[in-house]
Amino acid sequence: MRHWAPRKHWAPRKHWAPRKHWAPRKHWAAAVAAAAVVGGLLAGCGAASGSSGQSITLFNGQHELTTDGLVTAFEKETGITVNVRTADEDTLANLIALQGSHSPADVFYTENSPALEYLQGKGLLAKVDKSTLARTPAKYDSPQGDWVGVSARVSVLIYNPSLISASQLPASVLQLANPKYKGKLAFAAGETDFQPIVTSVLRAYGRAATLKWLDGIKANAAGHVVPDNETIADEVNRGIAAFGVVNQYYWYRMADELGASAMHSRITYFAPRDPGYVIDVSGAAVLKASTHQAAAQKFLAFLVSKQGQQIIAQSKGGEESFEYPIASGVSRTSAPETPLRQLRPNSITIADLGDGAQARALLQAAGLL
């Protein structure tokens, strides 16, 4: 397994240092320039082959710690080498779109479904083997069969009880715009995990109401607009901000790294079926441009196999993902998380979430991107 990962440089921190490595977040349109830079770097990376003589190139928009355990096990199982090239999913999606049939990627693995839907709309994804799709509930897969769902996360409220009580938190995502939360809310406008929530609000309440809501969030988060979910979790835990919205696994990872004595934050959910209570699906696809179709399909099959899903469910020792496995009947077993089947999210579908274009346009219109 070989990695190329753009690194964000910062001074060592005494508080929580997230393990995910990422490039600065950019929305889809602005990511084109970054994609060109990534492309130049990728062009200089040669492929390596395993004992089987086969190799594939994985464009990885997922957290590295989630991917590492899966790739290591796949290589051991098949002898196929996986050359992993990591960047933000929006940057990689743009790169694949720009390169088209010349993309060196065989597989694209993401945190969220919109990036896959974006490439599906451009006709750049190959059909996933039916036997692979059969291992995952259809509601978590591409409606067209062009990518397969691998794992899931759910949006939660993270809050610091010393600054705000559970009873004072918003019950609905629309209440994030209530002026009473001014100066209390931490918000990551460029975080791709937030785009499905914007889409969910748009479908529930319409464009005008969504824009008004975003304007309210912008006002309330003044001074606490941060680059990503990791920073939201960190700032809330340290008491810099009272609360924010993240996917649940950020809190569990932070707790795993810091230990119970250093955890000053908690998590809770929006009201059942609220538009802010959203399941995000991480998925993977084979590129039509791949010259290693069979090996790439094997990788997708492994991700949703019992072995692959158990790695997600039971990962340990610095490779804890805290995501929900969604395929092959495997359940989360290594953390005290609310079981996936007990969650009561909004009923928005993968097709409803689409490619995220409407969400990004609204965030731009509100001056948040």
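Which residues in H2 meet which residues in H11? In this predicted model, Gly69, Leu70, Ala73 and Glu77 belong to the H2 side of the contact, and they meet Gln307, Gly308, Ile311 and Ile312 in H11. Sorted by class, the residues of this contact are four nonpolar, three polar and one charged.

The arrangement of the two helices can be described by their axes. H2 covers residues 64-78 and H11 covers residues 306-314; their axes come within 10 Å and cross at roughly 150 degrees. Angles over 145 degrees count as roughly antiparallel, so H2 is roughly antiparallel to H11. The crossing of H2 past H11 is right-handed.

Several strands pair with S5. Strand S9, residues 279-286, pairs with S5 in the antiparallel sense over six bridges. Within this pairing, serine 151 stands opposite serine 282 of S9. Serine 151 also stands opposite proline 325 in S10. Strand S10, residues 324-325, is antiparallel to S5, and the pair has two bridges.

The pairing of S5 with S7, residues 243-247, is antiparallel and runs over five bridges. Strand S8, residues 266-268, pairs with S5 in the antiparallel sense as well, over three bridges. Here tyrosine 159 has arginine 266 of S8 as its bridge partner.

Conventions. Residues are numbered from 1 along each chain as its sequence is written. This is a predicted model: local features need pLDDT of at least 70, side-chain atom pairs count only at pLDDT 80 or more; totals for chains, interfaces and linings use all residues. Side-chain values use heavy atoms; hydrogens and water are left out. Axes are lines fitted to C-alpha atoms, for helices over the stretch in contact, and angles run from 0 to 180 degrees between N-to-C directions. Helices (H or I, at least four residues) and strands (E, at least two) are DSSP runs, numbered from the N terminus. Angles under 35 degrees count as roughly parallel, over 145 as roughly antiparallel, 65 to 115 as roughly perpendicular and the rest as oblique. A crossing is left-handed if the near helix is turned anticlockwise from the far one by less than a right angle, and right-handed if clockwise. Contact means heavy atoms within 4.5 Å. Ala, Val, Leu, Ile, Met, Phe, Trp, Tyr, Cys and Pro count as nonpolar, Asp, Glu, Lys and Arg as charged, and the others, Gly among them, as polar. Two strands pair if DSSP finds at least two bridges between them.
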